[in-house]
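Have the structure open while you read.

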There are 2 protein chains.
Amino acid sequence: MTMEGFRVLDEKTLREYIKATPSLASKLGNEVDNFKIKEVGDGNLNFVYIVISPSGSVVIKQSIPYVRCIGESWPMTKERSYFEATALKRQHGLSPKHVPEVYHFDRTMSVIGMRYIEPPHIILRKGLIAGVEYPSLAEHMAEFMANTLFYTSLLYLTTTQHKTAVAEFCGNVELCRLTEQVVFSDPYKISEFNHWTSPFLDSDAEAIRNDKILKLEVAELKSKFCEKTQALIHGDLHTGSVMVTHESTQVIDPEFAFYGPMGFDIGAFLGNLFLAYFAQDGHVDNTNDRKTYKTWIMDTITDTWNLFYKKFTSLWDIHKEGPGEAYLHEIYKDMELWSLVKQKYMLDLFHDSLGFAAAKMIRRIVGVAHVEDFESIGDAVKRADCERRALEFAKNLMKKRRNFNTIAEVVSVVQ
Amino acid sequence: MTMEGFRVLDEKTLREYIKATPSLASKLGNEVDNFKIKEVGDGNLNFVYIVISPSGSVVIKQSIPYVRCIGESWPMTKERSYFEATALKRQHGLSPKHVPEVYHFDRTMSVIGMRYIEPPHIILRKGLIAGVEYPSLAEHMAEFMANTLFYTSLLYLTTTQHKTAVAEFCGNVELCRLTEQVVFSDPYKISEFNHWTSPFLDSDAEAIRNDKILKLEVAELKSKFCEKTQALIHGDLHTGSVMVTHESTQVIDPEFAFYGPMGFDIGAFLGNLFLAYFAQDGHVDNTNDRKTYKTWIMDTITDTWNLFYKKFTSLWDIHKEGPGEAYLHEIYKDMELWSLVKQKYMLDLFHDSLGFAAAKMIRRIVGVAHVEDFESIGDAVKRADCERRALEFAKNLMKKRRNFNTIAEVVSVVQ
Ligand SMILES: Nc1ncnc2c1ncn2[C@@H]1O[C@H](COP(=O)(O)OP(=O)(O)O)[C@@H](O)[C@H]1O
Ligand SMILES: Nc1ncnc2c1ncn2[C@@H]1O[C@H](COP(=O)(O)OP(=O)(O)O)[C@@H](O)[C@H]1O
Ligand SMILES: [Mg+2]
Ligand SMILES: [Mg+2]
Ligand SMILES: [Mg+2]
Ligand SMILES: [Mg+2]
Ligand SMILES: [Mg+2]
């Protein structure tokens with residue numbers, strides 16, 4: 001992709017850009033001389049601007065050709081913006097209540113204009129740290145995952161549609177490579193990028209590098225990540241990619257989207273809820289022992305999987321005579337067989353999800369990018385304790401994932 | 001793909017075409033007024049011409065925009081020729097002794113010019129029916145499969161190379177769909193295309209359509225076929241795609257090539273050897289009880305897998321610090337772990353191969369396209385007996401494949 005015509009925007013040039021772009025200006029009620037711009041990008045990669053006029057608003061996200069938090073020394077194609085815009089539109093189409101609408105996309109400039117997810121929405125991870133319950137979270141996330149994963153899989157698509165889409169998203173390879181490195185490789189070897197709560201976790205990090213069974217398992221998961229084109233996955237579905245209020249759940253930031261294993265999305269979300277759970281003891285104070293909240297997190301994990309199971313299999317039921325070419329109705333219409341098919345598919349998916357959940361947890365404790373859930377625990381000893389328990393659980397989960405048949409069994413290991 | 005400039009060649013127009021094409025004429029020593037053309041296509045899909053002058057030879061293969069043996073009522077993109085040419089060149093590069101060289105490719109005309117695999121080469125399937133032993137067959141096929149599969153997998157390629165190639169071969173979707181239909185779907189349902197040795201196998205065919213466990217297993221295999229982009233596979237590696245002499249083994253006809261599960265190729269070859277085995281009792285006559293030959297086939301099956309295992313893992317050893325991104329040396333260098341990694345990978349591949357072998361066997365007995373091994377048994381009762389035994393073995397193999405640890409165990413089930 002050429003750099004011609006590309007320039008990194010700042011507040012001033014963004015103002016000009018918006019003025020010159022009707023699809024953006026119209027969202028501000030065309031009040032092009034009366035809007036405020038605020039840069040809010042807290043992510044590692046991109047710039048995000050909130051733009052508000054008296055009669056409207058828009059969010060502008062620009063990708064730059066390197067990793068923002070590292071600098072130009074770590075180049076990263078700005079074409080990720082194209083895949084983010086494409087995935088956002090597809091996911092909005094499939095789950096409109098839980099994905100912001102895209103108003104504008106400029107491939108040359110790597111600029112996405114989308115709905116401003118207004119306050120009181122906050123990033124879910126921050127809510128989890130603050131101890132806020134979101135009663136519809138499980139339901140909404142189950143709906144988002146069921147819709148986006150089911151409708152982009154061979155359970156719904158024809159082979160022709162599927163292979164066309166797979167081919168297109170192969171183009172997002174640089175982002176896939178980044179995941180391969182930071183999730184499936186770096187935590188299992190010595191790497192300049194790794195860090196952890198040292199010296200407390202030094203031997204834990206070393207133990208991971210020496211754990212043969214764990215490394216066998218993570219190799220299998222990595223292969224699935226690289227080779228299994230099961231559905232259009234979000235690719236970065238942690239609790240920092242979800243914005244919430246009491247009533248609303250919005251999924252953003254699918255720049256890592258590609259055709260991969262469904263369990264990677266489900267695992268990312270569940271794994272990050274587990275991280276939130278293990279961090280709770282570090283957030284206890286005189287006013288709140290977090291016990292109730294820990295129970296709520298565990299219930300949310302349970303409900304997310306169980307509701308996902310229900311929604312996904314009922315989409316499958318609804319479309320069992322649809323265009324999907326994986327399980328032809330004529331072959332699988334016998335009631336008992338149909339039920340066995342679904343059970344087997346969902347159990348495999350469950351085991352994938354648990355494996356990826358574990359991989360996502362481990363990498364957040366001994367890899368390059370950590371999570372605020374733990375980072376916000378000031379006392380290093382306390383933090384290391386929380387992290388160690390999360391790590392032990394994750395290791396066990398990755399190795400024993402095939403022994404679990406229900407999410408209740410997984411949760412009971414923790415509680 | 002446009003049809004502009006495309007026309008179906010016949011002997012007369014092919015003659016003009018060769019005259020006008022230096023890369024072909026030169027292979028005939030430029031004796032463009034003195035060569036013979038013979039159409040030999042015995043396949044289901046395409047036209048193949050042998051062209052011989054006093055000082056050279058060439059084979060011309062042309063794809064037409066429908067299935068040759070059915071006619072224009074079953075359209076099939078002639079673009080398969082592009083994927084065949086691309087795969088042939090790649091496979092020739094990786095296994096030059098066992099793949100004919102491509103001299104010429106014309107995408108508009110869907111014409112491939114390649115080395116003439118001269119007599120006494122014959123199609124392996126015909127040799128197997130005639131009861132001819134090929135002492136190097138296992139070794140050669142193991143080499144072909146090890147080289148073509150290893151070097152196109154993530155064990156050797158970077159993610160970037162792999163995803164680029166995956167995307168390109170997604171274009172061969174029509175041929176993938178055909179396989180999905182005739183291998184993984186039609187045999188398990190009532191289909192106008194299915195046939196079998198009736199009435200003798202009527203209840204056997206029905207039993208397959210009613211076998212829930214079998215249908216669960218074939219669904220898993222079908223998903224792997226559609227979703228697992230493990231390597232550039234030949235896609236149609238039966239014994240009709242191999243030409244042999246006592247000393248030479250040549251693999252042709254990779255028009256079904258795409259990034260799929262390695263086990264599909266290995267299984268196609270092994271499965272067709274098993275078919276040849278089960279057909280032998282139908283070829284017994286006064287002069288030959290075929291007992292020795294049956295043993296040779298079983299030994300060839302055993303050797304093929306064991307030599308493949310050896311060659312594939314030693315390529316992996318040689319390139320363990322190479323560009324492949326799946327198993328980074330730094331993570332897996334511990335000797336015991338390295339050995340575990342290979343064992344696990346190869347056992348999974350073994351189970352895939354057995355599953356696909358079984359699927360390929362079943363479809364040749366109750367599906368649309370049968371094999372000469374059985375078709376050439378004139379006595380229908382005898383033929384049905386052979387086919388039934390093959391079918392029972394295949395069903396058992398598909399269901400129990402995960403219980404086998406070595407090829408010797410599989411072979412001992414038969415003998
Ligand atoms: N549509 C939006 N509405 C409101 N805030 C947003 C929106 N998109 C992003 N943000 C804010 O910007 C931050 C970074 O956005 P994100 O898409 O996650 O970027 P990155 O790819 O750099 O992680 C988010 O955490 C959120 O606070
Ligand atoms: N390079 C070759 N040299 C000699 N004979 C060949 C060659 N390629 C094909 N043939 C002959 O033509 C037949 C059909 O070729 P094949 O490539 O299998 O076509 P199809 O795709 O229609 O099955 C083969 O079975 C073989 O007898
Ligand atoms: Mg983000
Ligand atoms: Mg992001
Ligand atoms: Mg052929
Ligand atoms: Mg053929
Ligand atoms: Mg062919």
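1. Ground rules first. This is a predicted model, where local features need pLDDT of at least 70 and side-chain atom pairs count only at pLDDT 80 or more, while totals for chains, interfaces and linings use all residues. Residues are numbered from 1 along each chain as its sequence is written, chains are lettered from A and ligands numbered from 1 in the order in which they are written, and side-chain values use heavy atoms, with hydrogens and water left out.

2. Let's begin with the rings. Over all chains, a search of the whole structure turns up 58 aromatic pairs; rings of Phe, Tyr and Trp (its six-membered ring) pair if their centres lie within 6.5 Å, and planes under 30 degrees apart count as stacked, over 60 as edge-to-face and the rest as tilted. One of them joins B:Trp316 and B:Trp338, edge-to-face, with 5.4 Å centre to centre and 70 degrees between the planes. B:Trp316 belongs to helix H11 (residues 291-318) of chain B and B:Trp338 to helix H13 (residues 335-366) of chain B, so this pair ties together parts 22 residues apart in sequence. (Helices are DSSP runs of H or I with at least four residues, strands are runs of E with at least two, and both are numbered from the N terminus.)

3. Buried here means under 20% relative accessible area, exposed means over 50%, and partly exposed is in between (1.4 Å probe, protein chains only).

4. B:Trp316 also pairs with B:Tyr345: the ring centres are 5.0 Å apart and the planes at 65 degrees, so this pair is edge-to-face. B:Tyr345 sits in helix H13 of chain B and B:Trp316 in helix H11, so the pair links parts 29 residues apart in sequence. B:Tyr345 is buried, as is B:Trp316.

5. Chain A has charges sitting over rings, as with A:Lys27, whose charged end is 4.2 Å from the ring centre of A:Tyr103. A:Arg107 lies over the face of A:Tyr82, 3.6 Å from the ring centre. The test is NZ of Lys or CZ of Arg within 6 Å of the ring centre and within 35 degrees of the ring normal.

6. Which protein donors does the magnesium ion (ligand 7) have? They are B:Asp253 (OD), B:Asp253 (OD) and B:Glu255 (OE), at 1.9 to 2.2 Å. Donors are N, O and S atoms within 2.8 Å of the metal (3.2 Å for Na, K and Ca), and water is not among the atoms, so sites may look incomplete. B:Asp253 also bridges to the magnesium ion (ligand 5), with 3.6 Å between the two ions. B:Asp253 and B:Glu255 are both buried.

7. Ligand 2 has 18 residues around it, and B:Asp253 and B:Glu255 are among those that come nearest; a residue is near if one of its heavy atoms lies within 4 Å. Polar side-chain atoms of B:Asn46 and B:Lys61 each lie 2.7 Å from an oxygen atom of ligand 2.

8. Over in chain A, A:Asp253 lies in the loop between strand S11 (249-251) and strand S12 (258-260). A:Asp253 counts as buried at 17% relative accessibility.

Note on methods
A polar contact is a pair of N or O atoms within 3.5 Å; within protein, one must be able to donate a hydrogen and the other to accept it, and residues adjacent in sequence count only if both atoms are side-chain atoms.
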